Every structure is written in structure tokens, then in C-alpha cells.
Amino acid sequence: MAEDTRQEPGPESGRGPIKVLVFGASLRADSLNGRLAALVARLVERAGATVDLAHMREFPMPVYDGDAETAEGLPAGALALRERLEACDAFVISAPEYNASVPGVLKNAVDWVSRVRPQPFKDKHALLVSASPSMVGGNRGLWALRVPLEHLGTRVYPDMFSLAKAHEGFTENGDLSDTGLQERLADAADSFLRLVEADTRYVCLQRRWYEFLSDRTDAPVTQRAQD
């Protein structure tokens with residue numbers, strides 16, 4: 001009988017911990033979403049991943065202008081954000097809500113970075129969180145943020161986290177005052193990382209991707225990697 005040389009599915013050899021970009025998408029230095037991003041970063045590290053904690057101020061860029069792109073290329077801030085995205089397996093955005101939608105500065109950053117080729121949002125996993133003084137907790141802004149990210153091919157995690165009355169929501173050490181919410185956020189981060197690990201570490205996983213359910217029903221299974 002011939003020897004069975006097949007191997008059980010397992011992590012790719014030589015890969016270190018999952019690396020996650022945690023991005024506070026507010027310009028204010030002491031924003032509520034910056035504090036939430038810092039908390040998520042600690043929870044992600046506690047779950048065993050490596051974190052790159054970033055702040056919107058690190059990536060200055062003008063309002064998107066196609067003529068400026070043609071004449072001058074992409075701004076340094078957009079290229080820097082692209083590099084940080086590409087260096088990670090997944091990303092978390094902690095985003096404020098402006099007028100029941102996504103902040104203009106964040107949408108502008110997405111628009112600029114999406115002009116890079118290969119397009120860096122495609123096939124990345126994302127977890128969306130928000131903090132707001134309102135009773136809605138910024139949830140409407142997260143639903144608006146899903147639209148451009150999913151259009152660009154990002155695998156946005158279904159379970160989003162919104163912290164309502166966030167101005168009262170943090171302890172002095174940066175945890176959440178509500179221990180139940182803290183546990184829910186930690187569980188969401190842990191489950192998100194498990195999904196990212198399964199998708200990025202196991203070579204046996206391949207998938208189909210359609211922008212609409214009726215698209216390319218005969219499309220071949222393709223690799224995750226962006227060519």
C-alpha cells in the first residue's frame with residue numbers, strides 16, 4: 001500500500017503572530033475614538049496578536065482631486081497609510097459619527113488609498129468600532145463606513161461595536177466602565193482574530209468573491225493573494 005503523504009491542514013510555517021493595524025480615525029488628540037482604539041489595541045495584544053496603533057493625524061492628505069493625482073501622484077500621507085495597511089493581516093477602525101455618517105476625513109483617506117495599485121483594502125479583514133456621546137454610539141456611521149470598504153473588497157466583520165454615552169464610558173485606566181461591554185468588546189476582538197487567522201494562516205482555504213450575488217456564478221475559486 002502506498003504511503004499517504006497528505007498533511008493535515010495547519011498554519012503556514014514560518015509565520016509569526018497575526019498583525020493588526022488599529023486605526024483611530026479622529027483628528028482630535030484626545031478623542032473618544034482614540035481612547036477606544038487604544039483599548040482595542042490592548043485587547044488584541046492580549047489575544048496574542050501584534051498591534052500597530054495609528055492615529056489619523058499621522059497621515060495628512062489633501063481633499064481628493066483627480067487633477068492633483070495626475071499632476072503630482074498620491075500624497076505622502078496616503079502612501080504611508082497604504083504601507084501600514086499592507087504590513088498587516090487585518091485592521092480595526094475606531095471611527096466617530098458625523099451627521100449620521102462617516103467623517104469626511106476618513107472617507108477622503110479611503111478614497112486616496114484606494115487609488116494605489118494593487119489596491120490595499122482588497123481581501124483585508126476589518127473590524128469596525130465607534131465611540132460617541134450619543135445614545136446610538138456611532139452605529140449609523142459604521143453602517144455608512146461598511147459601504148466603501150466592502151465595495152473595495154474588504155471582509156468587514158459582521159459584528160460591529162458601538163459605545164454609547166462614551167464621554168462617561170471609560171475608567172481612568174482606559175477600560176470600559178461597563179464590565180459587560182468590556183467583555184463583549186474583548187470577545188468580538190478575539191473572534192475577529194480567530195477568523196483572520198483561519199483565513200490568512202491556512203493555505204487550504206480558498207474562496208469565491210462576488211460583489212453581487214448574481215455576479216460570476218461560474219467564476220473559478222481564486223487565491224486570496226492580490227496579484
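Where is the place of Gln 119? In this predicted model, Gln 119 sits in the loop between helix H4 (104–113) and strand S4 (125–131). Let's start there and work towards the charged pairs.

Although Gln 119 belongs to a loop, it counts as buried because its relative accessibility is 12%, under the 20% cut-off. Its side chain turns to the backbone of residues that follow: a polar atom of the Gln 119 side chain lies 2.6 Å from the backbone nitrogen of Phe 121. The side chain of Gln 119 also reaches the backbone nitrogen of Lys 122, at 3.4 Å.

In H4 they are Leu 106, Asn 108, Ala 109, Val 110, Trp 112 and Val 113. An α-helix has 3.6 residues a turn, so residues three or four places apart point the same way. What covers the buried residues of H4 includes strands S1 (19–24) and S3 (90–94), along with helices H2 (66–72), H3 (76–86) and H5 (139–151).

**Strands S1 and S2**

S1, which is part of that cover, is also joined to S2 by six bridges, and the two strands run parallel. Between them the chain passes through helix H1 (residues 32–46), making a right-handed β-α-β crossover. Within the pairing, Phe 23 stands opposite Ala 54 in S2.

Is Asp 52 buried or exposed? Asp 52 is buried, because its relative accessibility is 15%. Leaving aside residues up to four places away in sequence, Asp 52 touches Lys 19, Val 20, Leu 21, Val 22, Arg 84 and Cys 88.

Which residue's side chain makes a polar contact with the side chain of Asp 52? The partner is Arg 84, at 2.6 Å. Arg 84 and Asp 52 also form a salt bridge, with the closest N and O atoms 2.6 Å apart. This pair links distant parts of the chain, since Arg 84 is in helix H3 and Asp 52 in strand S2, 32 residues apart. Arg 84 counts as partly exposed because its relative accessibility is 22%, whereas Asp 52 is buried.

**Salt bridges across the structure**

Side chains of opposite charge can pair when their charged atoms come close. A search of the whole structure finds 13 salt bridges, including these:

| Salt bridge | Closest N and O atoms |
|---|---|
| Arg 84 and Asp 52 | 2.6 Å |
| Arg 155 and Asp 123 | 2.8 Å |
| Lys 165 and Glu 168 | 3.7 Å |

Lys 165 counts as partly exposed because its relative accessibility is 37%. Elsewhere, salt bridges that share partners join Asp 52, Glu 58 and Arg 84 into one network.

The salt bridge of Arg 155 with Asp 123 has its closest N and O atoms 2.8 Å apart. It links distant parts of the chain: Arg 155 lies in strand S5 (residues 155–156), while Asp 123 lies in the loop between H4 and S4, 32 residues away. Arg 155 counts as buried because its relative accessible area is 12%, and Asp 123 is buried because its relative accessible area is 5%. That brings us back to the loop where we began, the place of Gln 119.

Key: Residues are numbered from 1 along each chain as its sequence is written. This is a predicted model: local features need pLDDT of at least 70, side-chain atom pairs count only at pLDDT 80 or more; totals for chains, interfaces and linings use all residues. Side-chain values use heavy atoms; hydrogens and water are left out. Buried means under 20% relative accessible area, exposed over 50%, partly exposed in between (1.4 Å probe, protein chains only). Contact means heavy atoms within 4.5 Å. A polar contact is a pair of N or O atoms within 3.5 Å; within protein, one must be able to donate a hydrogen and the other to accept it, and residues adjacent in sequence count only if both atoms are side-chain atoms. Helices (H or I, at least four residues) and strands (E, at least two) are DSSP runs, numbered from the N terminus. Two strands pair if DSSP finds at least two bridges between them. A crossover is right-handed if, with the strands pointing away from the viewer, the path from the first strand over the helix to the second runs clockwise. A salt bridge is a side-chain nitrogen of Lys or Arg within 4 Å of a carboxyl oxygen of Asp or Glu.
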